[in-house]
Every structure is written in structure tokens, then in C-alpha cells.
Amino acid sequence: MLAGEWSGMTSLAHRALEPNAGLAPPPADLVEHYFEQAWSDGLPVVPPTQAKIDAVVAVLGGDPQYAEAVIPPRGGTLTREVLAVNMVMAGCKPEYAPVVRAAILALCTKQWNLNGVQATTHMAAPLLVVNGPIRHAIGMNAGHNVFGSGNRANATIGRAIRLILLTVGGGTPGDLDKSTLGHPGKYTYCIAENEELSPWAPYHVEHGMAPEDSAVFVIAAEPPHSVVNHVANDARGILDSIVSAMSTYAHNNAVAGGSCAVVIGPEHAATIAASGFSRLDVRSYLWMNAGNTWGEISFDDRYAGGGKVYNKALPKWYQRETNARIPIVERPDDIHLFVAGGAAGRFSAFIPGWGRMTSPVLRRIDGAEPPAGAVCVDGTCAL
Amino acid sequence: MEHRAYDPRGIVHAEHRELAPRVASPLGLRLGILDNTKWNGRRVLERTAELLGAASPFASVTRYTKESFSVNAEDALIARIAAENDLALIGIGD
């Protein structure tokens, strides 16, 4: 069976137009041809060649028909060949393939709920954060403009993920992707942690891996919300600004719990660490101080008729009383903390998630499981 | 330069299943309603059941609830709905 072909399915809406072998000669302009087939994210793609596909498949371990995953909601089979086709289209180098594959496998775990993220009316997109030596090996950017343009690895790894969700997963806007607004991260949303400028252990080490491991973290995320603080010279001042960004009932975490990410710029991180705060201290401080009252997130029961209260999605142990404090997420561990960005600038970012309907996943690039059990608090003893 | 297009979509492996036959009338049948936990979904389902049963009353109407609107109903729940009802009503109201 060839990529793009259907097996025993009679749906007309998603019937493949043409398999990869025996294609009618496409028009002279291949880039336009991919646009016409809707095999694009709206930007021109790099037309794959057999040589480029083969180079990616070789990095993945050969065997082009090996099925790596099934991508919901369409349920297309992501063989290594199909993965390679999408990576080439995105502009990836072959050496990015282990990161793309690890991220896709993380997205396809049950707890990540890719089916839901693809179809939701919310704007969530997969945010990838890469840790470990592979960041340097493939030339990722963890510094200035880390969420922005300008780095091939960051840009095309994230783009390959999106192309796979579109083509294999069928996440076409308005069809199976029902997002009301979407956000720019649905083109590409991939960064690396700036381990070198971080005063703390890297994220993956905090979670039990070794510093020499490489890993990718994926979370269903809204766009970054900038946090500026040029005045504070201690942890409390910086963190109170992040608390302020988190303490709104407009984002999904406030009304549906789940997980979020906080990306601290290196200057802010240095100031916080100078106050003696560890990673756990930072996450705990944010958890304890960020939040809303039950009255705020329930609109003081103004719309309670018909059960229209954000209620069931939040933990049972939250007090449903007007002045009760409701944290942004259930536990400090639900705040995923990274250091990233350039050396200059007193900025950080808060990134809300989708809610408890999804759980983030950290996966080693080589697929090996991390050692069982906690290594130590904050991972610092593994360094 | 190679002049060939590669389909990036991958194969969908799925079994073909026939739709269940339509019922002529709901009269005397057991109706199961699967609530997806969204309040507008609940309104759509309840109103639909009300309209369907107005002229031809159901033998029974039983309500079930998914764990979350964002995930598939558990297999055990689907099996239970199938075992306890003749018709199932599902829907989305965001």
C-alpha cells in the first residue's frame, strides 16, 4: 500500500487522490501543484525528491513503510516515508528527524489527546521545547527571538509537525480543525531551552533524565504572553509580574485547570536565582500566588441557570464559594518551567495550556524510558 | 531535477461498516442520551428527545455522561448504552 492510498474505507470526503507511485505528471510548477492539492500550511513547500526522502528515512532507521504512528482525527498512517515527505516539504534537514519523530510520538500518547487538540474550538497548538545536546547538534536557537523567526531547525521542525497534523491528521481548518481563532504557533511552535544561561538544572534533568540525554517536551498551548519587569531586583518582584500575567480568568487554565508553561528570560532567571530560589521554589511561588476567586471564574453565578458554571472541569477539592481562591492549575508540578531567550532583556512569558483535557509529555529523543523514580528534587544531583 | 509529486497524507486503514437500519417510529423504544458535559450540548439533546418523543413516546429515556467532552466515551460505557437501549442520541453543542 502506498502513501495516500486508502485501505477498505469508502469515505468520499477524505478519499486519497493519488498514491505516490504512478502519479500523473504534475504541472510544471510543483510548488503550485502542492498548493492546488491543499498539501500545504498556506506557505510554499519544498517539493520532495526521492533522494531527499531517502535521506530522512535513513536517519529514521530505514524501512520506509514502517508505521511510526496513526495521526488523529483522520487516522492517517505515518510511515517513515510519509514522515520524510512532510519533513522535506517543511524544509527540514535529515538530522532533525529524531526530534520530529519523538515529538510526534509524544503527541500521539493517550494523555496528550491529539484528537481533541486537533478538533477543539480553542486555539491550542503543540509547543515543542527541546533539551539536551541535540539542540547544538542540529543548530537550534535557544537565545534571542527564541519564539520568533530566523532559525531553520526551530522553524522547520515545528512546521513539519503542523504539516503532519494537516495532511496525515486531516486537521484542515473549518473541517476537522474547528479552532475559532487559531494562533500563529499553528505554523510552527518550537524552541530549545537555554540551558547554558539557566541558573538551574535543565527541564529534562528536573524530570529525572541525565544532562547528556536529549528530550522533547510537548504541551498544547496558547501563544506566549509577554511579562515585562525592569525594576525588580529580587525573585518576588519578578515572579509577581508573572503571577499578574497568570491571574486572569480569560485563559483556559483558569476555568479548566490542566497544565501551563512559564518561560523565564535569562536576566529574570539570574535575578530570581540570586534570591536563592530553586526551580521548585519558583513553581511553588507561582502556584501559591497566581489565581482567581471562585466568584470571578463563576461570574458570581450570573449565568448559573442551566448549569452554566465552570465547575466540573475543576478539582473536587476547590471550594465553590465566592471568595475562595482558585489556583491557575491544580499543583505546582502543573507549571512547566523553562529558561529561554537572549542574554539581554528583562522579559519572561506565560503560556496557558488547553486545560485538563490534555497532559503534556516529555519524551527522550531516542525513545528510551527515563530511570524509574525521582532522582532528586530539582534534578540538581544528576548534574 | 526530479519532476514528481509525493502524496504526504498517509493511508487510512479502517473497516467498512454498514449504518444501522433506520427505525420507523420511536414508539415504545428505549432511548439512551449521551451527554458530552457541555451545557449547550445537553440542551440540544434534551430538546431533540422531547420533540422525538412528543408524538410517539419512548418506553424509557436513560441519560449517560461522558468523562469529558474532549475524549471518546469509554468502550464500557458505549457497550452499556447499547445493551440498555434501542436508540442512542448523541450530539455536540459547544
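A:Phe299 is partly exposed, with 13 other C-beta atoms within 10 Å. This residue has a positive phi of about 50° although it is not a glycine, and it belongs to the loop between α13 (294-297) and β10 (325-327) of chain A. The model is predicted.

**Chain A overall**
- Chain A contains 13 helices and 13 strands.
- Of the 383 residues in chain A, 51% are buried.
- When contacts in chain A between residues at least 6 apart in sequence are considered, 81% of them join residues at least 24 apart.

- In soluble globular proteins, nonpolar side chains tend to be buried together.
- The largest nonpolar core comprises 110 residues, and those with the most contacts inside it are A:Met87, A:Val99, A:Val100, A:Ala103, A:Leu128, A:Val216 and A:Leu286.
- Helix α4 (residues 97-107) of chain A has 10 of its 11 residues buried, so it is largely enclosed by the rest of the structure.
- The buried residues of α4(A) include A:Val99, A:Val100, A:Arg101 and A:Ala103.
- Apart from neighbours within four places in sequence, A:Val100 is in contact with A:Leu83, A:Met87, A:Cys92, A:Ile157, A:Ala160 and A:Ile161.

- Two packed helices are described by the angle between their axes and the distance between the axes.
- The axes of α9(A) and α12(A) come within 9 Å and cross at roughly 45°. This angle makes α9(A) oblique to α12(A), and the crossing is right-handed.
- On the α9(A) side, A:Leu239, A:Ile242, A:Val243 and A:Met246 meet A:Val282, A:Tyr285, A:Leu286 and A:Asn289 of α12(A).
- Helix α11 (residues 266-274) of chain A has as its buried residues A:Pro266, A:Glu267, A:His268, A:Ala269, A:Thr271 and A:Ile272.
- The cover over the buried residues of α11(A) includes α9 (235-246), β8 (260-264), α12 (279-289), β11 (335-339) and β12 (347-351) of chain A.
- A:Gly276, which follows α11(A), has a positive phi near 85°.

**The sheet of chain B and its helices**
- In chain B, 3 strands form an open sheet in the order β3-β2-β4, with parallel pairing.
- β3 (60-65) and β4 (87-89) of chain B stand at the edges with a single partner strand each, so one side of each is left without a neighbour in the sheet.
- From one strand to the next, the twist averages 25°.
- Strand β2 (residues 30-35) of chain B runs parallel to β3(B) and is joined to it by 6 bridges; B:Gly32 has B:Thr62 as its bridge partner in β3(B).
- Helix α1 (residues 39-55) of chain B lies across β2, β3 and β4 of chain B and runs at about 165° to β2(B).
- Helix α2 (residues 75-84) of chain B also packs on the sheet, where it touches β2, β3 and β4 of chain B, and its direction makes about 160° with that of β2(B).

**Backbone features**
- Most residues other than glycine have a negative phi, and most peptide bonds are trans.
- The peptide bond from A:Pro72 to A:Pro73 is cis, with omega near 0°; A:Pro73 is found in the loop between β2 (67-71) and β3 (76-79) of chain A.
- B:Thr37, a residue other than glycine, has a positive phi near 80°.
- B:Thr37 is found in the loop between β2 and α1 of chain B and is partly exposed, with 15 other C-beta atoms within 10 Å.

How values were computed:
Residues numbered from 1 in each chain as written. Chains lettered and ligands numbered in written order. Predicted model: local features only at pLDDT ≥ 70, side-chain atom pairs only at ≥ 80, totals over all residues. Core = buried A, V, L, I, M, F, W, Y, C linked by C-beta atoms within 7 Å. Buried ≥ 20, exposed ≤ 12 C-beta atoms within 10 Å, placed from the backbone. Contact = placed C-beta atoms within 7 Å. Pairing = 2+ DSSP bridges. Helix = DSSP H or I, 4+ residues; strand = E, 2+ residues; numbered from the N terminus. Axes fitted to C-alpha atoms, helices over the stretch in contact; angles between N-to-C directions. Parallel < 35°, antiparallel > 145°, perpendicular 65-115°, else oblique. Left-handed = near helix turned anticlockwise from the far one by under 90°.
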